Amino acid sequence: MAGIELRNISKVYGNAVLAVDDVSLEIKDGEFMIFLGPSGCGKSTTLRMIGGLESISKGDLLIGGKRMNDVDPADRDIAIVFQNYALYPHMTVAGNLGFGLKLRGFDRAEIDRRIRAISDMLGIQPLLDRKPGQLSGGQRQRVALGRALVREPKAFLLDEPLSNLDAKLRAAMRTELIKLHHKVGTTIVHVTHDQIEAMTMGQRICIMKDGRIVQVGAPLEVYRNPVNTFVAGFLASPPMNLVAGRLEGEGQGTLKAVVGAASLPIPDAFRAAYAARSGSEVIVGLRPEDFHQSPMGDRSSPASVVVVAVELLGPEVILVAELGGTGGPEIMARMPRDFMARPGAMLQLHYDLTQMHLFDAASGTALSRPQLA
Ligand SMILES: Nc1ncnc2c1ncn2[C@@H]1O[C@H](COP(=O)(O)OP(=O)(O)O)[C@@H](O)[C@H]1O
Ligand SMILES: [Mg+2]
């Protein structure tokens, strides 16, 4: 097992494409780390540099404290699983699992022992004599994982290994991977563009954009304290509502965020932090889950909305509405499953003010304030 450290790593493809731009990150020994970001942001390139499949243009890569920039991929003791896991079609599952070990000169008894242990863990014992063509997508994916696991590497690098699976299987495999990490405790770096995978699987999420790291933190930390509108709008589904507004003070110690016709008082705890911004344009971030049907004492402020649409999801209802009245900014609110309303109706909701986020209107950077626990 080993920690992985990236020190000011960059990758330039050819002479022009800066795919990864000065990335520094410490992945702890045994940590489950997620790389999350939109397509093209440099996740795979970063992973491939860790695995040695791509040269490092600048910076240092350390694995287990040793510089690895020039070490052959085969000698890094790291297993990589890709989205397009290619199994050897002419070999049985057992053959696929044991092949890498055979190449490395392991004896038959040890190979058999490891194949048995891994196939037990992954529930693929009954499939050992089948060929890949006789397996479902999920079974094939499990075999691909198994093939990486039998090597007992220092770390696993997973590049969107679940994205080819259907929704149900993906959810099942998410759980499998979490359980697996509990069992083997090996460092895992998991690349995904799926924010649900990121929130549910990782101990920490590293969010990337345009080749750079935007924010690193535990899932809930990032969810509660996004550093900018990019992160705020990327995590969670539906994501945070981001609406243009203005911070206004009304004399003695009061401050409010004005969004269209709606006015949301700034809670006492945040007032000092925001006071200097009074009078400036801001982006107000309101999570859909922070709109409620009943007041929450001092914490909430009434917010009138006009219903645009109601989406029934089963476990919950997504309300699309105009905040403050007709023509106001459109927001989404998460309502309980029995919520009903007719388009055009005016409703009074209650917004939990302690959850409000403010961002600089020009840069999108979060205005700093006391962190929510
Ligand atoms: N082999 C390559 N040659 C040139 N450009 C590449 C190559 N691989 C990736 N890129 C570019 O590098 C950037 C990052 O790509 P990638 O790491 O694959 O992103 P992600 O995995 O986040 O989708 C993209 O702009 C992509 O087009
Ligand atoms: Mg990729």
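In the predicted model, the axes of helix 2 and helix 4 come within 8 Å of each other and cross at roughly 30 degrees. Because angles under 35 degrees count as roughly parallel, helix 2 is described as roughly parallel to helix 4. The crossing of these two helices is right-handed. By class, the contact of helix 2 with helix 4 has 3 nonpolar, 3 polar and 1 charged residues. On the side of helix 2, the residues that take part are Val93, Asn96, Leu97 and Gly100. Helix 4 contributes Val143, Gly146 and Arg147.

The spacing of such positions can be read against helix geometry. An α-helix has 3.6 residues a turn, so residues three or four places apart point the same way.

Helix 2 covers residues 93-103. Its buried residues are Val93, Ala94, Asn96, Leu97, Gly98 and Leu101. Val93, Asn96 and Leu97 are buried, and these three residues also meet helix 4. Just after helix 2, Gly105 adopts a positive phi of about 85 degrees.

A separate part of the model concerns the ligand. Ligand 1 is surrounded by Tyr13, Val17, Ala19, Gly37, Ser39, Gly40, Cys41, Gly42, Lys43, Ser44 and Thr45. Two elements give two or more residues to this shell: strand 2, residues 17-27, and helix 1, residues 43-51. The largest share of the shell, 3 residues, comes from helix 1. When the shell around ligand 1 is sorted by class, there are 4 nonpolar, 6 polar and 1 charged residues. Lys43 belongs to this shell, and Lys counts as charged.

At the level of the whole protein, the secondary structure comes to 9 helices and 20 strands. The C-alpha trace spans about 80 × 45 × 35 Å along its principal axes. Of the 373 residues in the protein, 37% are buried. Among contacts with a separation of 6 or more, 65% are accounted for by residues 24 or more positions apart.

Key: Residues are numbered from 1 along each chain as its sequence is written. Chains are lettered from A and ligands numbered from 1 in the order in which they are written. This is a predicted model: local features need pLDDT of at least 70, side-chain atom pairs count only at pLDDT 80 or more; totals for chains, interfaces and linings use all residues. A residue is buried if 20 or more other C-beta atoms lie within 10 Å of its own, exposed if 12 or fewer, and partly exposed in between; C-beta atoms are placed from the backbone. Helices (H or I, at least four residues) and strands (E, at least two) are DSSP runs, numbered from the N terminus. A residue is near a molecule or strand if its C-beta atom, placed from the backbone, lies within 6 Å of it. Axes are lines fitted to C-alpha atoms, for helices over the stretch in contact, and angles run from 0 to 180 degrees between N-to-C directions. Angles under 35 degrees count as roughly parallel, over 145 as roughly antiparallel, 65 to 115 as roughly perpendicular and the rest as oblique. A crossing is left-handed if the near helix is turned anticlockwise from the far one by less than a right angle, and right-handed if clockwise. Two residues are in contact if their C-beta atoms, placed from the backbone, lie within 7 Å.
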